[in-house]
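Thanks for coming. I have one structure to go through today, and I will start with a term before turning to the residues.

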Amino acid sequence: MCAHCRKDLPGSYSGTLCLACRTQLVPLEAPFCLRCADISPLRHGVCASCQGEKFACRLIRAAFLYRGPIHSWVYSFKYRGRFPAAQEAGRLMARHWARFRELPAPEILVPVPLHFRRENERGYNQAEILAGAISKETGIPVLNPLIRVRKTKPQWELDKKDRKQNIAGAFKVARPGDILGRKLVLIDDVCTTGFSLEACALELKRSGAVDVCAYAFAREV
Ligand SMILES: [Zn+2]
Ligand SMILES: [Zn+2]
């Protein structure tokens with residue numbers, strides 16, 4: 001069954017969406033913010049929130065815009081446990097990666113840990129499945145270096161300022177030696193504000209990673 005329009009699909013077809021829904025996916029395409037890939041109004045190539053700011057996460061890219069049938073696709077692996085849908089998304093991400101020459105091939109893929117998105121705790125991490133599928137296509141290894149060292153409140157309960165406070169120092173890199181001097185790309189399903197990505201990137205850079213970028217399946221804009 002198509003995850004979006006619910007149309008029955010032939011048994012031999014293993015895709016998440018039917019072909020009609022699939023053609024409605026919107027790839028992320030220029031012009032977008034050179035830093036965070038937002039498509040809000042740009043000045044000198046960057047959006048208002050990236051203007052003049054420094055980020056630990058140097059670059060964010062995504063395969064698609066978070067629009068139309070992709071909502072159903074993400075929902076199917078985020079809340080309905082459809083692992084094959086996440087694997088297919090990861091394979092697509094690997095294919096679309098080539099469109100972004102500014103996103104370098106990293107030495108390590110790092111899935112955003114589940115505890116960065118508390119609203120979503122249910123025992124498996126969809127970002128890890130995405131990273132695993134990308135790794136299978138590209139041969140780039142996956143590592144899970146981030147661990148939680150103290151409890152945090154759910155981010156959605158807090159306003160922007162308190163969010164930063166809430167998450168500061170809550171995570172550590174377990175074995176900094178593994179990422180020391182390495183170039184990393186964080187993998188996530190949907191990038192909304194980029195805040196979790198930045199929190200991850202800060203920790204990773206503090207622990208010695210030389211470059212941290214991020215790549216998501218979909219970008220909310
Ligand atoms: Zn459909
Ligand atoms: Zn931006």
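Two residues are in contact, as I use the word, if their C-beta atoms, placed from the backbone, lie within 7 Å. This is a predicted model, where local features need pLDDT of at least 70, side-chain atom pairs count only at pLDDT 80 or more, and totals for chains, interfaces and linings use all residues. Residues are numbered from 1 along each chain as its sequence is written, and chains are lettered from A and ligands numbered from 1 in the order in which they are written.

Take Cys57 to begin with. Is Cys57 buried or exposed? A residue is buried if 20 or more other C-beta atoms lie within 10 Å of its own, exposed if 12 or fewer, and partly exposed in between, with C-beta atoms placed from the backbone. Cys57 has 26 other C-beta atoms within 10 Å, so it is buried. Leaving aside neighbours within four places in sequence, Cys57 is in contact with Leu186, Gly194, Leu197, Glu198, Ala201, Val212, Cys213 and Ala214. Between the C-alpha atoms of Cys57 and Asp211 there are 7.9 Å, although the two are 154 residues apart along the chain.

Now the core. A nonpolar core is a set of buried Ala, Val, Leu, Ile, Met, Phe, Trp, Tyr and Cys residues joined through C-beta atoms within 7 Å. The largest one has 60 residues, and those with the most contacts inside it are Ala62, Leu130, Leu186, Ile187, Ala214 and Phe217. Which strand gives the most to this core? That is β8, residues 211–219, with 7 residues.

Beyond four places in sequence, Ala62 is in contact with Leu28, Ala37, Cys191, Tyr215, Ala216, Phe217, Ala218 and Arg219. Ala37 is itself in the loop between α1 (19–22) and β1 (42–43). Ala37 counts as buried because it has 25 C-beta neighbours inside 10 Å. Ala37 and Glu220 are 183 residues apart in sequence, yet 9.5 Å apart in space, C-alpha to C-alpha.

On to the helices. Helix α4, residues 126–138, has 13 residues and spans 18 Å from its first C-alpha to its last. That is close to the 18 Å expected at 1.5 Å a residue, where the expected span is 1.5 Å times one less than the number of residues. Its buried residues are Gln126, Ala127, Glu128, Ile129, Leu130, Ala131, Ala133 and Ile134. The elements covering them include α2 (70–78), α3 (83–97), β4 (108–111), β7 (183–191) and β8. Just after α4, Gly139 has a positive phi of about 80 degrees.

How do α3 and α4 pack? Their axes come within 7 Å and cross at roughly 50 degrees; axes are lines fitted to C-alpha atoms, for helices over the stretch in contact, and angles run from 0 to 180 degrees between N-to-C directions. That makes α3 oblique to α4, given that angles under 35 degrees count as roughly parallel, over 145 as roughly antiparallel, 65 to 115 as roughly perpendicular and the rest as oblique. The crossing is right-handed. For handedness, a crossing is left-handed if the near helix is turned anticlockwise from the far one by less than a right angle, and right-handed if clockwise. Among the residues that meet there are Phe83 and Ala86 in α3, and Ile129 and Leu130 in α4.

For α2 and α3, the axes come within 7 Å and cross at roughly 125 degrees, so these helices are oblique to each other. This crossing is left-handed. Trp73, Ser76 and Phe77 in α2 meet Phe83, Ala85, Ala86 and Ala89 in α3.

Last, some backbone details. Ala30 and Pro31 are joined by a cis peptide bond, with omega about 5 degrees. His44, in the loop between β1 and β2, has a positive phi of about 50 degrees without being a glycine. His44 counts as exposed because it has 6 C-beta neighbours inside 10 Å.

Definitions and conventions. Helices (H or I, at least four residues) and strands (E, at least two) are DSSP runs, numbered from the N terminus.
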